[in-house]
Amino acid sequence: MRQEERRLTTKKLDIFGFFYKYGTILVTIGALLYFSLTLDNFLNFNNVTNIFRSVSIVALIGLAITISLTIDGFDLSVGATAGFAAVIAAKFMVIWGYGVVPAVIAPLLVGVVIGLFNAFLIIKIGIQDMLATLSMMFLLTGISVTFQDGSAIYNFMPIPGGGIAEHTMSKAFLAIGQGKWLGIPIPVYVMLVVALLVHIFLNYTKYGRYLYMIGGNQEAAKLSGIKINRYKLIAYVMSGFLSALAGVVLAARLGSGEVDAGAPYLMDGVAAAFVGFSVLGTGKPNAFGTLLGALLMGILLNGLVMMSFPYYSQDIVKGIVLLLALGLTYYKMKHKG
Amino acid sequence: MKKLMITLLAALVAVVTVSAEVPAGVKGKKLRMALVKEWGTGTHMIMHINGAKSEAAKYGIDLSVIDANHNLAKMAEGIENAVINKMDAILISHGKADALTGAVKKALQAGIPVIVFDNDFAVDEKTANGKLVSMDQYDLMMGLLSQMALVQALDGKGNVIYNRVANVPPTDKRHRIWEGAILPTYTGIKVVNTIDLGTSNPMPKAQTALETLLTTSNNIDAVYAVWDEYAKGFYNAIVASGKKIPLFSVDISDQDLAMMQTHPEVWKASAAVNPSLVGRVQIRLALKALAGERIPRYYSMTPILVKSADLPKERVSMKDLAKLYPAWGSSDAFVEPWMSTLKK
C-alpha cells in the first residue's frame, strides 16, 4: 500500500517534472501546430522570417533584462533607453547629417553611459535596483522628448527654425532594421548573434558564472572573494548597451525617431525574460529561454493578428502564457526541497 | 443675480447694436484659462496647443497648458486644480469620459465654461447650463471622406485590410460610417482583416501586423487606417513589401505629409482638420461663453481631404496646406465683432 502510494507520487512528480522542463517548448510547438492547421500560409517561409523579425527588438530588450536579472537586479529603464537611442540615431542622421557609423555608435555609447549611471545609483548611492532604474526610465523618457522637441524625427521634417531637414536616414542604416541578407532579415541576425554571445557569456565565462553567483547569494559570493560591485556594474552596462542596440534596430525599422517608442517593449521584454526562466527547467534567467520566450509571444501575436483578434485578446493570451510559465517556475522553487 | 442681469443686458446690447463693444463678462478682465490635455506630444498635439496659445495671446488671455502624459487621474486632477484656482474657462482635449466626468461637473457647477475637444460628457442640461461644448473634427465626415476615396479608387470592389480602434470616441465615429454607410452601400468591398492594436504606441505594432498580413495573403487591394498613427506603420509595411497597395487614412501630420510625398502611389489620401484651428475655436467658444453669449452644445470643424496627388513637388508641411486648401488655413467660426476690439 505504502509502496504504491510512493509510486504514484513519483509518477505525478515525473509528469510535473516533464512539464516543468518542456512545458514552454510544448506550448510553442502546440501554438505552431494550431496556427499552421487553421491558417493558410502561416508556416510559409516569409511569415516565419516575419515572426523572427517581429520579435527581434523584444528579444534584445529581453536579453538586456535577463542580464540585469542574473545579479538579482532589475533594469526597468531598458525601454526608455531604447526609445532614447532611437531618437539619437535619427537626430544624428536627419538633423545633423552624420553618416551611418556615428549614428550607430553614438546611441550605443549613450546606452553604456546610462548603464554606468544606473550602476552608480545602485552601487554607490545604494538605491534599490528597481527604484533606481524606474527613476531613470522617467528621466530618460523626459530627456528624449526634450531632445526631439516633442515631435518625431523623420526624413524631410520641417525644422523649427524654418525650412526642411536637408539630410535623410542613410540606406545603410535603414538596412539594419529593414534589410535582408540571404532572404533573412538583418535584425534577425542581430538578435541571434546577440543571443548567442549572451548565452556564451553567461554560461561559459568566469564573468557569467560570477553574475549568477551574485544573483544566487550575494553574501556567499562576497565571501568567496568576488568583487560584487564590479560585476553589478558590468551587468548594468551590458543591459544599457543592449537596450541601446534594440533602439538602433527600432529606429532603422521605423525609419524615424518616434516619441517614446521604446516604452511598449519594456513589458514585452520582461515577459520574454520570465517566460525564459521556465524553458528547459533552468529556473533562472538565461539567454536561450529569453529568445524562446520572445518567439513564443511573437508566434502567438502573429497568429492572432492573422485571425483578426483585437489587441486586448492578445494581451489576455500574453498574460496567460506568462502566468503558466511563472507558475511552473515558482511552483518548482517552492516544492524543491 | 445682479451680476448675471448686467451680463445678460450687456450681451443683449452687444447683439442689438452689432457694435464692437466688448461684453462686460470679459471686458477689462485678465482672463485665465487652462488647457488640459491627455497628451501633448506629436505634431498634431503641438499644433493644437500652439493654435490655442496664439489665439489666447491675441486677446491677452493667460493660458496654462497641462499635459497629463496619458495619465487620466492626472488629467482629472488638472481639471480640479483649474476649478480650485478659479480659472475663467477650461479647455480639454481627449481623455476618457468615465475618468473625467466628476471633475467636469465640478467645473460646470462652479460656473466655469468647459470646451471639450474629442470627448463628450453625459452631463444633464441643468449642470451643463449652456457652458459645455463638445467639439470634434467632424469625425463622421472625415470617415466618409477618406472611406469614399478608398471606394472610388477601388471602383467599389476589392479586398480591404481595415483598421479600427474600438472604444475611442473619434475612431468609433469614423468606424460607424464604415459599418453603417460604406459597407452596406458598396457591397463589393470586402474586409479581409481588421487590425486593432489599441492606442498606446501603435505605429510599430501596426507595421508588424500589416507585414504579417502582406506576406501571408496576395489579394489585398487597399489598406484603410482609421488613425494616422496606424497609417505610418502601414505605410512602412507596404513600402517594405514592394507592393503598390493604396493606403487611405484619417488625420494628418508633417510626418504623414513627408511620407505621402515620398510614396504618393502608396499613401493616397487622408482626411483631416487643421489642429491649430481646433485650438483657436476652443478659445473663441470659451470667450463667447464668458461673454454670456449662446454657445452650441456640439460643434464639428470642417475637414478636408488631403490627396497626395495634390501635393507639389517641393516638400510641404502642414502650414503650407493653406495654399492648397483654403479651408485648411483659417476658420472664422465664432469670431465676433467685439473680439477684434478685445484684441486691441
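Start by selecting residues 114-117 and 132-136 of chain B: these are strand 4 and strand 5, which pair in the parallel sense over four bridges. Strands here are DSSP runs (E, at least two residues), as are helices (H or I, at least four residues), both numbered from the N terminus, and two strands pair if DSSP finds at least two bridges between them. Now pick B:Val116, whose bridge partner in strand 5 of chain B is B:Ser134.

A word on what is on your screen: this is a predicted model, in which local features need pLDDT of at least 70 and side-chain atom pairs count only at pLDDT 80 or more, while totals for chains, interfaces and linings use all residues. Residues are numbered from 1 along each chain as its sequence is written, chains are lettered from A and ligands numbered from 1 in the order in which they are written, and side-chain values use heavy atoms, with hydrogens and water left out.

**The mixed sheet of chain B**

Move on to an open sheet of six strands in the order 7-6-8-9-10-12 of chain B, with mixed pairing. Strand 7 (189-195) and strand 12 (304-307) of chain B stand at the edges, and each has a single partner strand, so one side of each is left without a neighbour in the sheet. The twist from one strand to the next averages 20°.

Zoom in on strand 8 (residues 222-225) and strand 9 (residues 247-250) of chain B, which run parallel and are joined by three bridges. Here B:Val223 stands opposite B:Leu247 of strand 9.

Helix 7 of chain B (residues 169-185) lies across strand 6 (158-163), strand 7 and strand 9, at about 155° to strand 7. Helix 8 of chain B (residues 202-216) lies across strand 6, strand 7 and strand 8, at about 135° to strand 7.

While you are there, click on B:Lys173 in helix 7 of chain B. Leaving aside residues up to four places away in sequence, B:Lys173 touches B:Asp136, B:Asp139 and B:Leu140.

**Where chain A meets chain B**

Now bring in chain A. The contact takes 34 residues from chain A and 28 residues from chain B. About 2,700 Å² is buried between the two chains, with carbon and sulfur atoms giving 56%; buried area is the accessible area (1.4 Å probe) that two parts lose on being put together, summed over both.

How many salt bridges are there between chain A and chain B? The count is three, a salt bridge being a side-chain nitrogen of Lys or Arg within 4 Å of a carboxyl oxygen of Asp or Glu. Select B:Glu211 to see two of these partners: A:Arg53, at 3.4 Å, N to O, and A:Arg253, with the closest N and O atoms 3.1 Å apart. A:Arg253 lies in helix 10 of chain A and B:Glu211 in helix 8 of chain B, so the pair joins two chains.

Note on methods:
Contact means heavy atoms within 4.5 Å. Axes are lines fitted to C-alpha atoms, for helices over the stretch in contact, and angles run from 0 to 180 degrees between N-to-C directions.
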